[in-house]
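Let's take a walk through this chain together, helix by helix and contact by contact. Have the viewer open and follow along.

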Amino acid sequence: MKNFIYTAFLFLFVAGCKPGIPSDIIQPDKMALVLHDIHIVDAYITTIPNIDTSRTMAAAYYSGIYKRYEIDSALYGKSMAYYSQHPKVLDGIYDKVTKGLTKQKNVLVKADSLVQAKAAKIVKAKFKADSVKRADSLKKLLHHNELNLRPTR
């Protein structure tokens, strides 16, 4: 019976020691946030036509990201190397990144559509006001012409 208990404890101990992410690697949840921000910066940087300016700006933005998440470029590089050796974990991280980017895109699309709707409403109101003014001026012109075309006594 004693051997059975020792064996059960040994089995539970071994099963409980799953290999996890090393402590000197950015953890998956934090890595997803870092990658989200880095991909946003990368997308913005590609819109800058001057290569030297884009490199300078990219370095500044990356530095800000590293500072925000309290990491450095060496730790980021080491973490990316680790995750590239563990594609299943990296796939899970990118699922989170994709969900975050999609959510952000939907918020921006909704905000943009609200701005567009408001602008369209303003244009429609202005067009209506202009058409009323044109109709009024046309009525005045027709009325003025009628007065000029009436036979004089």
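Just past the end of α3, Glu70 adopts a positive phi of about 55°. Bear in mind that this is a predicted model, so everything here is read off computed coordinates.

Step back into α3 itself, which covers residues 51-68 and has 18 residues. From its first C-alpha to its last it reaches 25 Å, close to the 26 Å expected at 1.5 Å a residue. At the start of α3, look at Asn50: one of its side-chain oxygens comes to within 3.0 Å of the backbone nitrogen of Asp52.

Now turn to the two sides of α3. Ser54, Ala58, Ile65 and Tyr66 are buried. Looking down the axis of α3, you'll find its buried residues within an arc of 105°, so they line one face of the helix. The face turned away from that buried side carries the exposed residues Asp52, Thr56 and Lys67. What sits over the buried residues of α3? The cover includes α2 (28-45) and α4 (73-85).

Zoom out for a moment. The chain has five helices and zero strands, and along the sequence the pattern reads α-α-α-α-α. Of the 153 residues in the chain, 16% are buried. Among contacts with a separation of 6 or more, 74% are between residues 24 or more positions apart.

Next, the nonpolar core. The largest one has 21 residues, and those with the most contacts inside it are Met31, Val34, Ile71, Tyr76, Tyr83 and Ile93. Which elements give two or more residues to this core? They are α2, α3, α4 and α5 (87-149). The largest share, seven residues, comes from α2.

The side chains of Asp37 and His36 are joined by a polar contact of 3.2 Å.

On to the rings. A pair of aromatic rings is described by the distance of the centres and the angle of the planes. In this model, the count comes to three aromatic pairs. One of them is Tyr44 with Tyr61, an edge-to-face pair at 5.9 Å centre to centre, with 90° between the planes. Tyr44 lies in helix α2 and Tyr61 in helix α3, so this pair ties together parts that are 17 residues apart in sequence. Buried or exposed? Tyr44 is partly exposed at 39% relative accessibility, and Tyr61 is partly exposed with a relative accessible area of 38%.

Another edge-to-face pair is Tyr82 with Tyr83, at 5.4 Å centre to centre and 75° between the planes. Here Tyr82 is buried, with a relative accessible area of 17%, and Tyr83 is buried at 0% relative accessibility. You've already met Tyr83: it is listed among the residues with the most contacts inside the largest nonpolar core.

Technical notes: Residues are numbered from 1 along each chain as its sequence is written. This is a predicted model: local features need pLDDT of at least 70, side-chain atom pairs count only at pLDDT 80 or more; totals for chains, interfaces and linings use all residues. Side-chain values use heavy atoms; hydrogens and water are left out. Helices (H or I, at least four residues) and strands (E, at least two) are DSSP runs, numbered from the N terminus. The expected span of a helix is 1.5 Å times one less than its number of residues. Buried means under 20% relative accessible area, exposed over 50%, partly exposed in between (1.4 Å probe, protein chains only). The arc is that of the directions from the helix axis to the C-beta atoms. Contact means heavy atoms within 4.5 Å. A polar contact is a pair of N or O atoms within 3.5 Å; within protein, one must be able to donate a hydrogen and the other to accept it, and residues adjacent in sequence count only if both atoms are side-chain atoms. Rings of Phe, Tyr and Trp (its six-membered ring) pair if their centres lie within 6.5 Å; planes under 30 degrees apart count as stacked, over 60 as edge-to-face and the rest as tilted. A nonpolar core is a set of buried Ala, Val, Leu, Ile, Met, Phe, Trp, Tyr and Cys residues joined through side-chain atoms within 4.5 Å.
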